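I shall present one protein structure, starting with the overall picture and then turning to selected residues.

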Amino acid sequence: MTGTVDTDLRPGVEVVCLGESMVTFLPSLPGRLADVPSFARTIGGAESNVACALAAAGHTVRWVSRVGADGFGDHLVDAIAAYGVDTSGVRRDPDRPTGIYFRTATDRATDAHEVAYYRAGSAASAMAPGTLSYDDLWAGRVLHVSGITAALSDDCLALMRELTGRAPGRPLVSFDVNHRPGLWRDGSGARVLLDLARGADLVFVGEDEAAEAWGLHGGNAIRAALPEPATLVVKRGSAGATVYERAVGGTVRGADTGTGGMGRGADSGTGGTGGTGLASVRGADTGTGPAPVRGADSVTSVPALRVDVVAPVGAGDAFAAGFLSATLRGLPAAARLRHGHLMAAATLTVPEDLGTPPSRTDADRLVDLDDTAWGTLRLGPGWTAATEREVRTP
């Protein structure tokens, strides 16, 4: 394996993102939904958020989904395409509507947060094996999916089981657990999501959601329950994030995610981008047969940034996009985590689900900061538009 992405595999598309996107209505004022006088229209959806962020960062991305043959469907497709995302894999459903939802301005984690979903029977909930083309789904080097899709309907769950089943020639499968208890009315979500995660090559999961869904506390316990994925990223909120990467035959196989060991050691939390041992993103090396026998993990942690938060919604999707972007570029573990934190900061500092990522030059410059400078960096609204001198670095 090499430290670059193979250019002869699935040319033209780097990442395919599959999942429902909805038209989102954001409140004009804080307060209860009953009291908000008006809403601004935007878009939202975990997988399309990742697609848009990756495209904005310069990657070739395809979004695959179903939307209604209605005005909201038109808006979704046009808005996502405006980010540079290929929407040729989106199917229009003449019989089912596009999903929409309304939310309050408060933090999702508080009791004051309200979300009103109108997605039951949506076009996306009709996604099922056989309704989508594998020419679209397997077109990229990475297929990114999330647990939200599995909760939409029995047909969607069957599709997710099929896509996370190990099969010859499949691309690298990236899976964001995205546990949403409210979507799993029968209480099966925790077990289903664990099963799906075990079939993926790269898994993103929050420490808090692993505790809620599986009763697992701490990254080591999560890794013990999920030994199959070659790479496991545990998001620890304001504390940062940790990546566990399987070692095979005594060497780190970032392959399965395109990464390798850091030149400065595991658990260092350091940000230099030195070190090689990176693997190329090759579905052929990740999707055939059972997962390789797990050896000792390489473990790398990076602290989160200090951010003046405007709204937290979408930050997890942005983190995944930043990590995937750096993976596609063959960067080391700590650099991938730092790119994830930076992309998340771009979303945390705007009211919408999607923020404008920093330029690649600015992102690389910030990723290359030493530990002290990274630890004292503070980012607020508008930071991605700032010039190099305007971004506050010590």
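I shall begin with the model as a whole and then move to its helices, strands and aromatic rings.

First, a word on the source. This is a predicted model, in which local features need pLDDT of at least 70, side-chain atom pairs count only at pLDDT 80 or more, and totals for chains, interfaces and linings use all residues. Residues are numbered from 1 along each chain as its sequence is written, and side-chain values use heavy atoms, with hydrogens and water left out.

The term pLDDT denotes the predictor's confidence in each residue, from 0 to 100. For this protein the mean pLDDT is 83, and 81% of the residues reach 70 or more. Over residues 1-10, however, the pLDDT is below 50. Beyond near neighbours in sequence, that stretch has 32 contacts in the model, a contact being heavy atoms within 4.5 Å. Residues 249-293 also stay under 50 in pLDDT, and the model has 149 contacts for them beyond four places in sequence.

Next, the overall architecture. The protein has 12 helices and 16 strands; these are DSSP runs, numbered from the N terminus, with helices being H or I of at least four residues and strands being E of at least two. Of the 394 residues, 58% count as buried. Here buried means under 20% relative accessible area, exposed means over 50%, and partly exposed lies in between, with a 1.4 Å probe and protein chains only. Among contacts with a separation of 6 or more, 75% come from residues 24 or more positions apart.

Let us now consider helix 1. How many of the 11 residues of helix 1 are buried? The count is 10 for this helix, which spans residues 46-56, so helix 1 is largely enclosed by the rest of the structure. Its buried residues include Glu47, Asn49, Val50 and Cys52. Just after helix 1, Gly58 takes a positive phi of about 100 degrees.

Glu47 and Val50 lead us to His144, which touches both of them. His144 lies in strand 8, residues 142-146, and is buried at 2% relative accessibility. Other residues in contact with His144 include Val15, Cys17, Asp176, Phe204 and Leu324. The side chain of His144 also makes a polar contact with the side chain of Ser174, at 2.8 Å. A polar contact is a pair of N or O atoms within 3.5 Å; within protein, one must be able to donate a hydrogen and the other to accept it, and residues adjacent in sequence count only if both atoms are side-chain atoms.

Is His341 buried or exposed? With a relative accessible area of 8%, His341 is buried. Its side chain reaches the backbone oxygen of Val302 at 3.2 Å. Beyond four places in sequence, His341 touches residues including Gly240, Pro303, Phe319 and Trp374.

Thr24, in strand 2 (residues 22-27), is buried with a relative accessible area of 0%. A polar atom of the Thr24 side chain lies 3.1 Å from the backbone nitrogen of Gly44. Among the residues that Thr24 touches are Arg41, Thr42 and Tyr101.

A pair of aromatic rings is described by the distance of the centres and the angle of the planes. Rings of Phe, Tyr and Trp (its six-membered ring) pair if their centres lie within 6.5 Å; planes under 30 degrees apart count as stacked, over 60 as edge-to-face and the rest as tilted. A search of the whole structure finds seven aromatic pairs. In one of them, the rings of Phe39 and Phe102 have centres 5.2 Å apart and planes at 80 degrees, so the pair is edge-to-face. Phe39 lies in strand 3 (residues 39-44) and Phe102 in strand 6 (residues 100-103), 63 residues apart, and the pair links these distant parts of the chain.

Tyr101 and Tyr117 form a tilted pair, 5.1 Å centre to centre with 35 degrees between the planes. Because Tyr101 is in strand 6 and Tyr117 in strand 7 (residues 115-118), this pair ties together parts that are 16 residues apart in sequence. Tyr101 is buried at 5% relative accessibility, whereas Tyr117 is partly exposed at 37%.
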